[in-house]
Amino acid sequence: MIISASGLRKDFTVNRKVGRLRRERHVVSAVDGVDLTVREGELLGYIGPNGAGKSTTLKMLTGVLTPSAGEVRVCGLEPVAKRTTLARRIGVVFGQRSQLWWDLPLAESFDLLRHIYQVPAADHAARLARCTDLLGLAEFARTPVRQLSLGQRMRGELTAALLHGPEVLFLDEPTIGLDVLSKQAVREFLGELDERGDTTVVLTTHDLADIEKLCKRLVVIDHGRVVHDGTLDALHARYGSRRTIVADLDADWPADVRLPGASVVSVEGRRVTLELNGTTAGEVVAALAKAVPLRDLSVREPQIEDVVARLYRRD
Ligand SMILES: Nc1ncnc2c1ncn2[C@@H]1O[C@H](COP(=O)(O)OP(=O)(O)OP(=O)(O)O)[C@@H](O)[C@H]1O
């Protein structure tokens, strides 16, 4: 396992105002006993509502924050104690913090990083060429970083994080605030990185398309605890996401119809929405067609929006 954490905790002590003058010390358990293992080459989506503890976990995995308790190893190293050694083996993109030089063109930032990490010239050139190609960097490589759009800067940040050939890449909200095209470019790039399988990626995101397109495995955290670890399909199954059929009828819905394996979710005019309870769409459609004349019909797959909304509402 390239990442392993057990019983990982982080408590913050904060002073809260009580009444007008008094302050009380209060402990916030940002991460409350997380167990996590990530295999080499895996792309893991680490998701959860605001304040769930995602960034705090990432900070402990990258050696920025010292855990209050628990064991953690990344690339076999204890992140805080071996922070400098680990920095050569991981790449980090945290939305708020930049590793680029504000006044320098992107290309010069990349060159400086090559010297800092002492990357052999040929390796650097090959990695840079790949990122330039896949992330479309050429058109703004000579532009000072401060003049880049958020989407261009994020593409630069991703490149900067990968130029030293890290084994693990930590990404905290890499698509937040990006325009549609930049989001797509970043997503496709990460998809390609995942396919190559030589970099382990831990990705926190609130973007449902990121989750759906990229994350085969999802770890969901809430109130500092892991509440789900598995595939998106498993998440759908657990939260009872079902396929639905939306049918437009040529007659009013006869209220007494019983369809085995489906239940009526709503009837709006002559449009009826049915939820499938483990039966096939074919069986339900056949029964429906017998009961009432059909004009049009569509089958809707379980939507990630629904399951995540349900999960975040803690249904
Ligand atoms: N330095 C700090 N001092 C005190 N409390 C903190 C500190 N950092 C984080 N917290 C608290 O810890 C909890 C978890 O925060 P964290 O930033 O890890 O959540 P998150 O899942 O990354 O949220 P978001 O999706 O909003 O970025 C929150 O209640 C937050 O207020």
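Around the ligand, the shell splits into 5 nonpolar residues, 6 polar ones and 1 charged one (Ala, Val, Leu, Ile, Met, Phe, Trp, Tyr, Cys and Pro count as nonpolar, Asp, Glu, Lys and Arg as charged, and the others, Gly among them, as polar). This is a predicted model, in which local features need pLDDT of at least 70 and side-chain atom pairs count only at pLDDT 80 or more, while totals for chains, interfaces and linings use all residues. Residues are numbered from 1 along each chain as its sequence is written.

The shell includes Phe-12, Val-14, Asn-50, Lys-54 and Ser-55, a residue being near the ligand if its C-beta atom, placed from the backbone, lies within 6 Å of it. Strand S1 (3-18), strand S2 (22-38) and helix H1 (54-61) each put in at least two residues, and H1 gives the largest share, 3 residues. Overall, the protein has 10 helices and 13 strands; these are DSSP runs numbered from the N terminus, with helices (H or I) of at least four residues and strands (E) of at least two.

Next comes helix H4 (residues 121-135), whose 15 residues reach 21 Å from first C-alpha to last, close to the 21 Å expected at 1.5 Å a residue (1.5 Å times one less than the number of residues). His-124, Leu-128, Cys-131 and Leu-135 of H4 are buried, that is, 20 or more other C-beta atoms lie within 10 Å of their own, against 12 or fewer for exposed residues and numbers in between for partly exposed ones, with C-beta atoms placed from the backbone. Seen down the axis, the buried residues of H4 stay within an arc of 65 degrees, so they line one face of the helix; the arc is that of the directions from the helix axis to the C-beta atoms. On the other side of H4 sit exposed residues, Ala-122, Ala-125 and Asp-133 among them. The cover over the buried residues includes helices H3 (106-116), H5 (150-162) and H6 (180-196).

Beyond its neighbours within four places in sequence, Leu-158 is in contact with Val-93, Leu-135, Pro-174, Val-186 and Phe-189 (C-beta atoms, placed from the backbone, within 7 Å).

Note on methods:
Contact = placed C-beta atoms within 7 Å.
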